[in-house]
Amino acid sequence: MNHTQLPSYISSENIGPWRIFLHQVEQVAPLLEPALQPWVETLRRPKRSLIVDVPIRLDNGEIAHFEGYRVHHNTSRGPGKGGIRYHQDVTLSEVMALSGWMTIKNAVVNVPFGGAKGGIRVDPRQLSQSELERMTRRYTSEISSMIGPDKDIPAPDMNTNAQTMAWMMDTYSMGEGRTVTGVVTGKPLALGGSLGRSDATGRGVFVTAREAARRLNMVIEGSRVAVQGFGNVGEASARMFAQAGARIIAIQDVGGTVYNPAGIDIAALKAHRMATGGLLGAPGCETLANEDFWALSCDFLVPAALESQINRHNAGLVAARVIVEGANGPTTPEAEAILADRGVTVVPDVLANAGGVTVSYFEWVQDFSSFFWSEEEINARLDRIMTEAFDAIWRLAAERGMSLRSAAFVIGCSRVLEARATRGLYP
Ligand code: NAD
């Protein structure tokens with residue numbers, strides 16, 4: 001797509017993630033089967049959105065209020081599924097967009113879920129562990145009418161983890177009067193979690209990078225990789241690339257950017273962060289100005305932090321051959337047009353980071369059947385699903401001369417809307 005073809009609203013400075021999602025749907029709507037056209041409007045309208053007040057007593061005795069959200073974007077193909085984010089910038093618009101991307105993602109990897117997402121506008125770094133627990137429990141209680149193992153199944157996202165899921169599972173179970181492990185995924189292993197879940201998103205990022213490399217005649221071994229974000233997704237992605245012989249030349253997190261052209265030792269960086277609380281000053285690494293991160297000459301760039309990180313201000317600087325979107329929505333439409341003009345391949349979020357929800361699906365199935373699989377089995381099944389999804393998207397993109405994102409949206413939207421059309425309209 002040519003940069004100049006973007007609609008005028010895209011050119012405004014900050015259109016927000018929900019407008020970006022709508023734009024992505026708009027791009028593919030005319031390409032869908034005529035029988036599905038009348039149903040496209042359902043994708044533009046989240047099925048239900050809940051805004052909740054989450055009051056908690058702080059450790060100092062005062063009461064604080066936080067705003068929480070849970071959105072079911074679409075449940076045509078099954079119960080809602082999507083993570084819970086704790087971040088100071090969470091808004092309803094952001095949660096709507098993230099839930100929309102979950103709808104498409106779950107359809108792209110063909111797991112029987114709709115799209116959902118939740119979050120609380122809070123800076124979790126300001127809360128103690130017990131305050132976090134009270135907030136999580138009150139939030140879970142406030143959204144309990146929307147969640148359930150066959151209704152909507154939350155999972156971790158930014159600043160939430162297995163412990164958060166354990167508190168959610170316990171709170172929901174107390175309300176039900178029985179232990180309901182299947183209400184959340186990404187739980188600790190001791191509570192019905194799945195082997196392989198914590199690395200699953202990073203593993204999926206790596207599998208899609210490997211598949212892209214194969215088709216672009218690139219070799220992972222010896223390739224240079226830059227990663228933004230060193231949390232669940234960024235750390236596991238970096239580790240998978242390094243294990244395959246790639247050199248991780250730079251990593252950026254909220255505290256700054258570290259750089260080592262010879263390759264960062266991921267285990268040593270993790271240990272350094274554990275000891276100091278940050279990445280800067282890690283052995284063998286120099287500190288790079290944050291704005292220089294995007295211009296680094298590399299083979300793979302993995303944004304694995306927040307939305308809209310690659311935008312019109314820095315897209316022209318990107319010197320990577322392939323961007324693999326570990327984060328949701330890291331590339332704005334304006335940036336994507338610039339990157340396309342410059343021949344950068346973008347493996348879109350709805351494919352690249354779908355490994356997490358794929359293993360969440362395995363976890364949910366294991367909880368229902370109370371029968372647990374080996375890690376080898378989980379990793380092999382994950383690899384197969386991601387490889388097949390990648391292949392279908394790559395072939396469609398090549399056949400119809402479209403971007404990988406548009407191809408992923410055509411496949412995802414078609415599956416959702418086929419379910420919607422076949423179910424028909426109630427009443
Ligand atoms: P996380 O909280 O574990 O890690 C987030 C990382 O991003 C941290 O290293 C943090 O320092 C960094 N970060 C935050 N703000 C930053 C900034 N302004 N600049 C640079 N770095 C910054 O979160 P996560 O679970 O790894 O999620 C990261 C992204 O991946 C999000 O977009 C999330 O929606 C997406 N995602 C997560 C999963 C999952 O299974 N956890 C699955 C699919 C997609």
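**Notes on the ligand site and a few residues worth a look**

1. Let me start with N159, which sits in the loop between β5 (152–156) and α5. Helices here are DSSP runs of H or I with at least four residues, strands are runs of E with at least two, and both are numbered from the N terminus. N159 has a positive phi, near 65°, although the residue is not a glycine. With a relative accessibility of 45%, N159 counts as partly exposed; on this scale buried means under 20% relative accessible area, exposed over 50%, and partly exposed in between (1.4 Å probe, protein chains only).

2. A word on the model before going further. This is a predicted model, in which local features need pLDDT of at least 70 and side-chain atom pairs count only at pLDDT 80 or more, while totals for chains, interfaces and linings use all residues. Residues are numbered from 1 along each chain as its sequence is written, and side-chain values use heavy atoms, with hydrogens and water left out.

3. N159 also belongs to the ligand site: together with D157, T201, F230 and N328, this residue is among those that come nearest, out of 23 residues around the ligand. Near here means that a heavy atom of the residue lies within 4 Å of the molecule. By class, the shell holds 9 nonpolar, 10 polar and 4 charged residues. For that count, Ala, Val, Leu, Ile, Met, Phe, Trp, Tyr, Cys and Pro are nonpolar, Asp, Glu, Lys and Arg are charged, and the others, Gly among them, are polar. Three elements, α6 (197–215), α7 (232–243) and β7 (247–253), each give the shell at least two residues.

4. At A305 a polar backbone atom takes part, with a ligand oxygen 2.8 Å away. On its own the ligand has 830 Å² of accessible area, and the protein covers 86% of that (Shrake-Rupley method, 1.4 Å probe).

5. T185 lies in the loop between α5 (162–176) and α6. Is T185 buried or exposed? T185 counts as buried because its relative accessibility is 0%. The side chains of T185 and K81 are joined by a polar contact of 2.8 Å; such a contact is a pair of N or O atoms within 3.5 Å, and within protein one must be able to donate a hydrogen and the other to accept it, with residues adjacent in sequence counting only if both atoms are side-chain atoms. Beyond four places away in sequence, T185 touches residues including I153, P154, M165, E363 and W364, where contact means heavy atoms within 4.5 Å.

6. T358, in helix α11 (residues 355–369), is also buried, with a relative accessible area of 0%. Leaving aside neighbours within four places in sequence, T358 contacts V109, V111, L382, I385 and M386.

7. Two backbone details remain. N217, in the loop between α6 and β6 (224–228), has a positive phi near 55° without being glycine, and at 72% relative accessibility N217 counts as exposed. Y426 and P427 are joined by a cis peptide bond, with omega about 5°; P427 is in the segment after α13 (404–423).
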